[in-house]
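I am keeping these notes for someone who opens this structure for the first time. Each entry records what I looked up and what I found.

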Amino acid sequence: MKTICFYFQIHQPFRLKRYRFFNIGRDHYYFDDYANEDILQQIAARSYIPANRMLLDLVNQNKGKFKVAFSISGVALEQLEIYAPEVIDGFRELAKSGNVEFLTETYAHSLASLYDPEEFRNQVKHHAERIEVLFGQKPTVLRNTELIYSDDIAEMAYDMGYTKMITEGAKHVLGWKSPNYVYHAATQPKMKLLLKNSRYSNDINFRFSNYSWNEYPLTAEKFTSWIAATPPEEKVFNLFMNYETLGNLQPSHTGIFEFMKALPRFAFERGIGFTTPGEALDSHEAVGPINVPNTISWADEERDVSAWLGNKLQQSALKSLYEMGERVRLCTDRRLNHDWIYLQSSDHFYYMSTKHLGGGESQFSPYLSPYDAFNNYMNVLSDFLGRVKAQYPDTVDNEELNALLTTIHNQEMEIKRLQLELKTIIGSNEELLVEKTKK
Amino acid sequence: MFGWEFPPHILGGLGTASYGLTKGMAQQEDMEILFVIPKPWGDEEQSFMKIIGSSNTPIVWRDVPWEMAQARLVKYMDPQEYYWMRDNIYADFSYMNTNDLGCIEFSGRYPNNILEETNNYSIVAGVIARTYQFDVIHSHDWLTYPAGLHAKSVSGKPMVIHVHATEFDRSGGKPNPIVYGIEKDGMDHCDHIICVSNLTRRTVIDNYHQPEWKVTTVHNAVDPLRPEIEAIERISGVSEKVVTFLGRITMQKGPEFFVDAATQVIRKTDHIRFVMAGSGDMMDQMIRLVAERGIADKFHFTGFLRGKQVYEMLKSSDVYVMPSVSEPFGISPLEAMQCNVPSIISYQSGCSEILHNVIKTDYWDVDAMADAIYSICTYPAMAEHLKVEGKIEVDNILWEDAGKKVRNIYNNLL
């Protein structure tokens, strides 16, 4: 049976406020609460809440036959908890139905996989734990930020205990191959991969309301007929997209919700089922290896990482950020660790992109220009760097510091142990004393 | 006087210099000044002189009732003057684009159609020159030369040109021929030329072929700080020393040399931060350069600063650097010194002719600049000396004296 595999991405960064040079060293709060709340609540009202309701209806109506998957970044979860907790409740209900899978990703929606393997490991672990606490299921499928993937990342993920990943079905990687099969990583045969079907995914999230598209209007009937007409050996159709597609990128007046509601009925008529990434990867054997020596992602026509590290500004900012990773991980200050996570969101670097300068690339950017974004980010980062340095003296290098911290920690344990011992000795002495006086 | 900018709505140093000079000259008892600008905003200080806005000067006769003139113009001038000027319209300009008062709209900035705006300005000057009585015409920079020449031909009064900058400074030696033409025409037909530095005087003599006797240097000065500015405290929160570049980020100001020097210093030490304040056509390029050098966590951009922000920046600085490639005068180091900030300036700046308690280097000598930055930030004695002596020195550079020199030139012409 052919199956459709839906996965929706939810992510919102903690946008930075206007942070001037004069703020450095005096103001340690970096985020634009007003904008973050405003944007999140708007999107929740337009997209997340109605889409959750619709999906829950579909899941309930189709009794276990309609399935979807979500990946919600940790920073988005935090914002939802603060500004729109009803969305989290919606996800919880979906989770309870048993037909919804949650994937794991980097907590900060960060680019750590490209710069800082240890940070990558920590964030994935942190995120998986968070998902388990919130939704009661342990994620088994890894979705890296923006579907960024390469052979190296596959090995890294495998070493972390993951055997299932999803990524982009990039044309230059696939060549003549079809994305509608399960593959495995070239360097690690046990790492199974699900690839996004770009054409069908983009039909929904980009072209759905495009009047000049020759297939407009897209109906559920037409869409399922395309899938049914593919060769019978092609089994999984991976529709990966931003959750905002439902209601925000494609506003409700375009009929996107009606399309989704109609989809299961027409699919079942043609013998097409629904599945989740975890299930699809378990139920199919890999047909062959996928070789990805150069990093890919789901962004732009090039499907590479140039949207985040394409220019000098982005490279320089990322370098300054991850250079201090090791030191930050030695710090125990809670606010510092939070800020460290928030500052890693890939969006901050996306705003600095000059790729489509003048081409309206910055539709999500709160800044006037990429240069503006860079200045603001670097000012924040300078302040953050100062705070990190204030934790431990600069003159001690990381290795030495680590050793010192371990010694301090051990000494603390030792002191505790000795205190305990002392207590028992004193206690027994007292007992002896009491006994003596009794005598 | 014909000027283009006037505080508080200034875009560059021209406005500050025009204001200072006028104020200095107004201290002479028998001096009365009429200052023409393209577009008044109504909040200019008029206590020591009178401002006439070109955008309020009619060039087409319109039947305007008194109430309307009063409502629209009282913010800028006595409405009666509008009617006086209306009686002096000298030709039929009804083909031109004018508003309901018969006036041309001016942007008062440096728009793309700047040549059209300077031409309109000289049309208006004809009306003003016929309306008012005066003894000398004084034109500030090329934008106002055609207006000055027009006024001269109408009134027959002597005309003085004040060169704050030449096209050679602005363009880095590749002048726009039209602008050069306007400048040359003005210089050839005026009666005397005042330059803000010997450097500029040399340019005028060599590149505009003016006779030496016709060109005099009158150095700029600086207005004493107002008490509310004096009271601003240092607000930067960083523990490091702050080295500042403040000005338009453009070729003429040599921003890339500042970045070069900063790179050298940052690689050697840890206790110095750099700030590039201002905006300009090379700003994005400089941000890229800073990112490429990998010093962006110690090198900051503030964007355009206005009014009080400029002084907040200066008061938060430990060193001020002006590596201008070609600066006719450059008032900003004087302002920095007023704020007790040691300054490093290039020999290629006009102000280096009169300043002594500053460090001077060639603009291209990045090593020397880095060296000077390092020593001021590292050796307190050096910084202290420049601070104290610099303040004393700059407090003695007064517009009043500059005004007297200008007066002498006037006297010779009358």
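Predicted model: local features only at pLDDT ≥ 70, side-chain atom pairs only at ≥ 80, totals over all residues.

Entry 1: For one pair I checked the details: strand S4 (residues 159–163) and strand S5 (residues 192–195) of chain B run parallel and are joined by 4 bridges. Within that pair, I found B:Ile161 opposite B:Ile193 of S5(B).

Entry 2: Two packed helices are described by the angle between their axes and the distance between the axes. The crossing in which H5(B) passes H7(B) is left-handed. Which residues meet there? On the H5(B) side I listed B:Tyr145, B:Pro146, B:Gly148 and B:Leu149, and they meet B:Ile182, B:Glu183, B:Gly186 and B:His189 in H7(B). By class, I recorded 4 nonpolar, 3 polar and 1 charged residue in the contact of H5(B) with H7(B).

**Entry 3: chain B as a whole.** Stepping back, I recorded 16 helices and 12 strands for chain B. Its radius of gyration is 23 Å, close to the 22 Å that the globule rule gives for 414 residues, so I wrote down that chain B is as compact as a globular protein of that length. I also noted that the C-alpha trace of chain B spans about 70 × 45 × 40 Å along its principal axes.

**Entry 4: the domains of chain B.** The domain assignment gives chain B a domain 1, covering 13–221 + 402–413, and a domain 2, covering 227–395. Taken over C-alpha atoms, the centres of domain 1 and domain 2 of chain B are separated by 33 Å. I found 15 residues of domain 1 of chain B in contact with 10 residues of domain 2 of chain B. On the domain 1 side of chain B, helix H1 (13–26), helix H6 (167–171) and H8 are the elements that give two or more residues. That side divides into 4 nonpolar, 9 polar and 2 charged residues.

**Entry 5: where the chains touch.** How many residues of chain B are in contact with chain A? I recorded 19 residues of chain B, in contact with 20 residues of chain A. Helix H11 (283–293) and strand S9 (299–303) of chain B each supply at least two residues of the side of chain B that touches chain A. H11(B) gives the largest share of that side, with 6 residues. By class, I noted 8 nonpolar, 7 polar and 4 charged residues on the side of chain B that touches chain A.

**Entry 6: chain A.** I then looked up the division of chain A, which is into domain 1 (2–290), domain 2 (306–391) and domain 3 (405–439). The centres of domain 2 and domain 3 of chain A, taken over C-alpha atoms, are 51 Å apart. I also found an open sheet of 5 strands in chain A, ordered S4-S5-S7-S6-S12 with mixed pairing. Its edge strands are S4 (141–143) and S12 (289–290) of chain A, each of which pairs on one side only. Strand S5 (residues 164–168) and strand S7 (residues 192–196) of chain A run parallel and are joined by 5 bridges, and A:Met165 stands opposite A:Leu193 in S7(A).

**Entry 7: backbone details.** Last, I looked up peptide bonds and found a cis bond joining A:Tyr216 and A:Pro217, with omega about -5 degrees. I placed A:Pro217 in the loop between helix H8 (198–205) and helix H9 (220–228) of chain A. In chain B, a cis peptide bond joins B:Pro7 and B:Pro8, with omega about 5 degrees, and B:Pro8 is in the segment before H1 of chain B.

Note on methods: Residues numbered from 1 in each chain as written. Chains lettered and ligands numbered in written order. Pairing = 2+ DSSP bridges. Left-handed = near helix turned anticlockwise from the far one by under 90°. Contact = placed C-beta atoms within 7 Å. Nonpolar A, V, L, I, M, F, W, Y, C, P; charged D, E, K, R; others polar. Domains from an automatic or database assignment. Rg over C-alpha atoms; globule rule 2.2 N^0.38 Å.
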